[in-house]
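Welcome! Open your viewer, keep the selection tool handy, and follow along one stop at a time.

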Amino acid sequence: MTFAQIQLDVPIEGPFDYLVGAHSVRRGSIVVVPFRNKKMVGVVEQVSFTSSVAAHRLKTIETVFDLEPLSQSYFYLSQFVANYYRVQKGEALFLGLPTAVRRVNFIDQFTEVVFKLNKVGVQEVGDNLSKRARGKNRLLDLFKEDRWITLPEALSAYSLARAELANWEKRGWIERRVERAVPKHDPNITNSDGQGGHTEVVLTKAQNLAVESVIAKLGVHQTWLIHGVTGSGKTEVYFEIMAETLSRKKQVLVLVPEINLTPQFEYRLRSRFPHQKVVTLNSSMTDRERFQNWQMARLGVAPIVLGTRLAVFAALPKLGLIVVDEEHDLSYKQIEGVRYSARDLAICVASQAKVPIILGSATPSLETYFNVVESRYERLVLSERPQGPLPRIELIPVDRSQNRGISPQILQSIRSCIANGEQALVFMNRRGYASALFCSSCNWVAMCHRCSAKLTIHKHTHRMHCHYCGYQGKLPNQCGACGNQDLIGLGQGTQRIEDSLKAEFPDVSILRIDSDTTKRKGAFMEMRGVIEKSEVDIIVGTQMLAKGHDFPNLSLVVILGSDQSLFSSDFRATERLYQQLLQVSGRPGRGATEGKVVLQTEFPQHPVYQSLIHETFDDFAQKLLTERKEALFPPYCFQALLRVAAKKESSVWSFLSLAQTKALKIKIAELDVYDAVPSPIFKMAGLYRGQLLIQATSRSVMRKFLNVWVSEVNAIKENGVRYAFDIDPIDV
Ligand code: ADP
Ligand code: ZN
Ligand code: ZN
């Protein structure tokens with residue numbers, strides 16, 4: 001008798017034993033099995049001839065998907081995720097599978113109705129058809145081929161085929177049937193879908209040096225940091241190294257932090273590599289599209305795979321190189337479910353496959369920078385732009401009393417920018433109109449009733465939004481406490497900036513880009529196009545626009561509202577603010593125009609601003625590292641966070657206190673167990689949230705501790721509590 005050990009997507013330790021029955025399965029086969037009165041998709045981990053459970057108590061596999069089994073390297077990565085991020089192996093195995101494969105009715109997603117026209121039909125239709133009805137004739141010709149015809153085929157022969165088929169069917173001439181088949185990929189075909197139009201650039205000395213360094217070590221694992229200022233031509237460097245990798249018949253995985261950055265990168269890839277298939281993987285595509293691209297990636301059909309963090313699970317069989325663009329970006333960290341870092345996993349994948357990985361950034365994360373300092377990674381520097389100078393940041397000091405809107409000096413800069421026929425970007429990293437609704441007579445502030453957070457005013461729609469749970473409500477016309485009708489909107493948001501710019505520049509076209517205006521699929525791309533065609537003069541936007549984008553006619557960047565981040569309690573706030581400001585200030589002056597960046601602030605003497613202006617990135621990073629070392633913060637320590645949420649506040653505290661007691665009993669040196677504290681947003685969407693921080697001086701100390709503690713926490717019985725371990729958390 002044959003048994004299969006199967007992993008399921010459940011938070012319970014697997015595998016689970018099943019009888020194989022008459023099926024044929026192997027390690028990596030994806031199957032459907034009965035589990036606790038329902039059907040579930042499972043992954044076969046092992047096939048064996050024995051089971052510790054008596055055969056008559058076991059259930060049998062119901063179906064086996066018609067799919068190539070998951071590869072050894074996929075198993076390896078999942079095992080790593082399970083061990084490192086402390087989740088069940090089953091959960092980790094499913095993390096990287098596209099939705100289409102996680103459905104028990106997998107095969108139903110690949111059905112297609114096909115048609116045939118019977119003999120009588122062919123005769124009758126033929127007899128009554130005029131020569132001039134060209135479309136109908138084409139349709140008839142198609143049906144004369146002795147095979148099953150799909151609707152799309154029929155429609156491409158004749159655009160009104162749908163009605164015609166219905167008509168034929170009524171007369172009893174049509175046979176139809178449903179075909180189910182998973183699309184197959186011939187692993188030997190590399191089809192191209194390039195668009196050409198790439199203009200050759202002559203690489204600079206620094207670019208060449210970077211390219212040669214990596215190419216010299218293409219066959220071995222090495223983590224490279226390409227540290228190049230914004231616009232220094234990092235992408236061109238990736239491309240050269242990719243070209244060499246591709247010429248050796250290897251696959252390349254390229255990760256970008258955000259879906260919005262994919263189309264631009266995809267376009268550049270297709271132009272540069274017109275003869276290589278580029279497939280993308282991200283969460284905004286249809287299930288079917290993602291499934292097909294995943295297949296092409298993992299079966300080695302697609303030479304270039306471009307995607308957001310989930311693409312790290314693609315398990316390319318011929319992997320030769322990984323590129324992680326904008327490696328510092330926080331979007332690489334998944335912040336719910338399994339809280340993995342795609343950048344860190346990419347390094348793990350590259351090391352397992354013994355191939356190089358390139359991390360690229362103008363503002364590397366301190367963790368990466370530290371690894372360079374410690375000689376674990378090798379850094380290649382591009383310190384100049386090949387196309388003109390890097391814009392400098394100019395501080396525009398304003399008084400507190402003045403700091404309500406945009407300073408006259410900045411308005412003047414915008415005016416002359418527009419007069420030159422160039423574009424200005426006004427960066428404000430807060431959407432909405434105002435960040436709070438405030439009563440001047442009793443100090444009441446409109447709060448979300450489900451979160452411990454202020455509601456943001458969205459004036460154009462006369463509503464208030466909670467940016468944490470998504471709650472929306474009508475804008476009140478009087479104070480919720482005293483009835484006063486004189487309510488004030490405090491703080492600036494993108495809508496308010498847009499309004500004041502409209503008042504100031506009534507005749508110019510202004511475009512606001514934030515997550516409110518780009519909700520609709522494709523909206524962001526349209527707006528990008530509008531900017532590129534210079535159909536707008538002023539763009540108001542959030543951090544969506546700060547990253548990676550390249551607008552040739554943009555010559556001025558105005559930064560507003562960054563003071564808000566100066567006094568945050570998060571130890572990473574300074575690093576992030578600096579990165580964000582340097583990124584956004586790298587947007588202008590990329591085309592023929594020279595760039596200028598102005599930053600409005602009440603605190604021009606603040607060290608972050610001062611180092612932005614007077615120091616290099618290295619000076620700044622060294623200083624931060626010294627601070628972190630003194631305070632023993634990452635990268636000088638390793639953190640794990642237990643996050644707990646419950647409807648009842650007392651459940652949160654009792655769970656955390658039990659977890660803390662257990663942690664303190666584990667005697668491991670060089671490990672700190674902190675007190676349980678409320679999360680930064682204590683209540684969110686009706687749940688109270690608390691957290692417990694663990695800090696260790698090394699990864700191995702942390703691992704030893706978690707090996708004991710995690711299972712003890714898993715054993716805690718407390719009703720209505722949700723919890724998760726967050727390893728290497730990015731906000732504490
Ligand atoms: P990064 O990725 O570092 O932001 P890009 O690779 O996007 O920089 O390059 C910025 C701009 O400079 C692009 O328009 C690119 O075509 C151009 N560029 C890059 N390298 C060169 C070069 N060696 N000579 C001329 N232009 C270059
Ligand atoms: Zn009031
Ligand atoms: Zn809320």
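Helices and strands on this tour are DSSP runs, numbered from the N terminus. Please keep in mind that the model is predicted.

**Stop one: a zinc site.** Select the zinc ion (ligand 3) together with C448, C451, C466 and C469, whose SG atoms are its protein donors, 2.2 to 2.4 Å away. What geometry do the donor atoms give this site? The site is tetrahedral, with angles of 106 to 112° among its 4 donor atoms. Along the chain, the donors follow the spacing C-x2-C-x14-C-x2-C. Now pick out C448, in the loop between β18 (436-439) and β19 (456-458), and C469, in the loop between β20 (463-465) and β21 (472-474); the pair is 21 residues apart and links distant parts of the chain. C448 is buried, at 5% relative accessible area, while C469 is partly exposed, at 21%.

**Stop two: positive phi angles.** Select H462, in the loop between β19 and β20. H462 is not a glycine, yet its phi is positive, near 55°. Is H462 buried or exposed? H462 is exposed, with a relative accessible area of 53%. Next, go to E326, in the loop between β13 (319-324) and α11 (342-353). E326 is another non-glycine residue with a positive phi, near 50°, and E326 is buried because its relative accessible area, 8%, falls under 20%.

**Stop three: cis peptide bonds.** Select G14 and P15: the peptide bond from G14 to P15 is cis, with omega near -5°. P15 sits in the loop between β1 (3-8) and β2 (16-19). Finish at P634 and P635, which are joined by a cis peptide bond with omega about 5°. P635 belongs to the loop between α18 (617-631) and β27 (638-646).

Note on methods: Residues are numbered from 1 along each chain as its sequence is written. Chains are lettered from A and ligands numbered from 1 in the order in which they are written. This is a predicted model: local features need pLDDT of at least 70, side-chain atom pairs count only at pLDDT 80 or more; totals for chains, interfaces and linings use all residues. Side-chain values use heavy atoms; hydrogens and water are left out. Donors are N, O and S atoms within 2.8 Å of the metal (3.2 Å for Na, K and Ca); water is not among the atoms, so sites may look incomplete. Four donors count as tetrahedral if all angles lie between 85 and 135 degrees; four count as square planar and six as octahedral if opposite donors are over 155 degrees apart and all others between 65 and 115; anything else is irregular. Helices (H or I, at least four residues) and strands (E, at least two) are DSSP runs, numbered from the N terminus. Buried means under 20% relative accessible area, exposed over 50%, partly exposed in between (1.4 Å probe, protein chains only).
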